[in-house]
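Work through the exercises below with the sequence and the model side by side. Each task is followed by a solution in steps.

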Amino acid sequence: MSETHPEAVTLVVRHQVRPHHAPRYETWLRRIITTASQCPGHLGVDVIRGWRPDVAQFTCVLRFTSLEQLQNWIRSEQRRQLVAEVVPLLCDGDQLEIAQGKDFWFVPEPVQAPPPRWKQSCITFLVILPLSLLMPLLWRPLFQLVPWLSDSLLSDALITLSIVLLVVYLFMPMATRAFAGWLRPHNRVGRS
């Protein structure tokens, strides 16, 4: 797990790929992910794939340690050249959105609105409940070895910090990908 960065920002890139160009796009996508990962401040990337009739949709969620480093990537010559290569494969061009905070957790694809709050709450509950039960058990041996860590306030802070970091950097992105079909209201006709 990477260290925390209080100023971390997220770049959400959405591409709708023209029919029959998905294999070429995926080859290009591997190249740009590798290039982005070498940029200063790059914290990671998640790719979410979706399909609609005749259109492959790709949402890339890139995290950077600061807005400045994110903007350096957006303005870089490497990115400009790579985007110029892929534009002919896209229906609507290169669509970018900069997000701060947790909003990107719940927008796996281009949709008109985020999923209903009750669905967001269900996913959040499913992620946080097991961690809130497991983390105190995992920390207990250390608290027994180092008595001053077992102070109520300090132990609660360490357990809470562990849960938050795991939720933000590991489990929530995984859960969002796993439940993407259920989170998308437009793909479930008559249900939300």
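This is a predicted model: local features need pLDDT of at least 70, side-chain atom pairs count only at pLDDT 80 or more; totals for chains, interfaces and linings use all residues.

Residues are numbered from 1 along each chain as its sequence is written, and side-chain values use heavy atoms, with hydrogens and water left out.

**Exercise 1. The chain as a whole**

Task: Describe the order of helices and strands, and the burial of the chain.

Solution. Step 1: take helices (H or I, at least four residues) and strands (E, at least two) as DSSP runs, numbered from the N terminus. The chain has six helices and four strands, in the order β-α-β-β-α-α-β-α-α-α.

Step 1: call a residue buried under 20% relative accessible area, exposed over 50% and partly exposed in between (1.4 Å probe, protein chains only). Of the 192 residues, 41% are buried.

Step 2: count contacts, meaning heavy atoms within 4.5 Å. Of those between residues at least 6 apart in sequence, 72% join residues at least 24 apart.

**Exercise 2. The nonpolar cores**

Task: Find the largest nonpolar core and state which elements build it.

Solution. Step 1: a nonpolar core is a set of buried Ala, Val, Leu, Ile, Met, Phe, Trp, Tyr and Cys residues joined through side-chain atoms within 4.5 Å. The largest one has 23 residues, and those with the most contacts inside it are Tyr25, Trp28, Leu29, Phe58, Leu62, Phe64 and Trp73.

Step 1: assign the members to elements. Two or more residues come from each of β1 (9-17), α1 (22-37), β3 (55-64), α2 (67-75) and α3 (77-86). Helix α1 gives the largest share, six residues.

Step 2: look at Trp73. Leaving aside residues up to four places away in sequence, Trp73 touches Leu11, Ile32, Thr35, Ala36, Cys39, Leu62, Phe64 and Arg79.

Step 3: Apart from it lies another core, of 14 residues, including Met135, Phe143, Leu149 and Leu183.

**Exercise 3. Helix α5**

Solution. The kink in α5 is about 55 degrees and is centred on Val167.

Step 1: Thr176 lies in this helix, which spans residues 152-178. Thr176 counts as buried because its relative accessibility is 4%. Its side chain reaches the backbone oxygen of Met172 at 2.8 Å.

Step 2: Met174 is also in α5. Its relative accessible area is 38%, so Met174 is partly exposed. Met174 and Val127 are 47 residues apart in sequence, and their C-alpha atoms are 9.6 Å apart in space.

**Exercise 4. Arg14 and the cysteines**

Task: Is Arg14 buried or exposed, and how many disulfides are there?

Solution. Step 1: Arg14 lies in strand β1. With 12% relative accessibility, Arg14 is buried.

Step 1: check for a polar contact, a pair of N or O atoms within 3.5 Å; within protein, one must be able to donate a hydrogen and the other to accept it, and residues adjacent in sequence count only if both atoms are side-chain atoms. The side chain of Arg14 makes such a contact with the side chain of Glu97 (2.9 Å).

Step 2: apply the disulfide rule, a pair of cysteine sulfur atoms within 2.5 Å. The count is zero. Cys60 is buried at 6% relative accessibility, whereas Cys122 is partly exposed at 31%.

Definitions and conventions: The bend at a residue is the angle between axes fitted to the seven residues ending there and the seven starting there.
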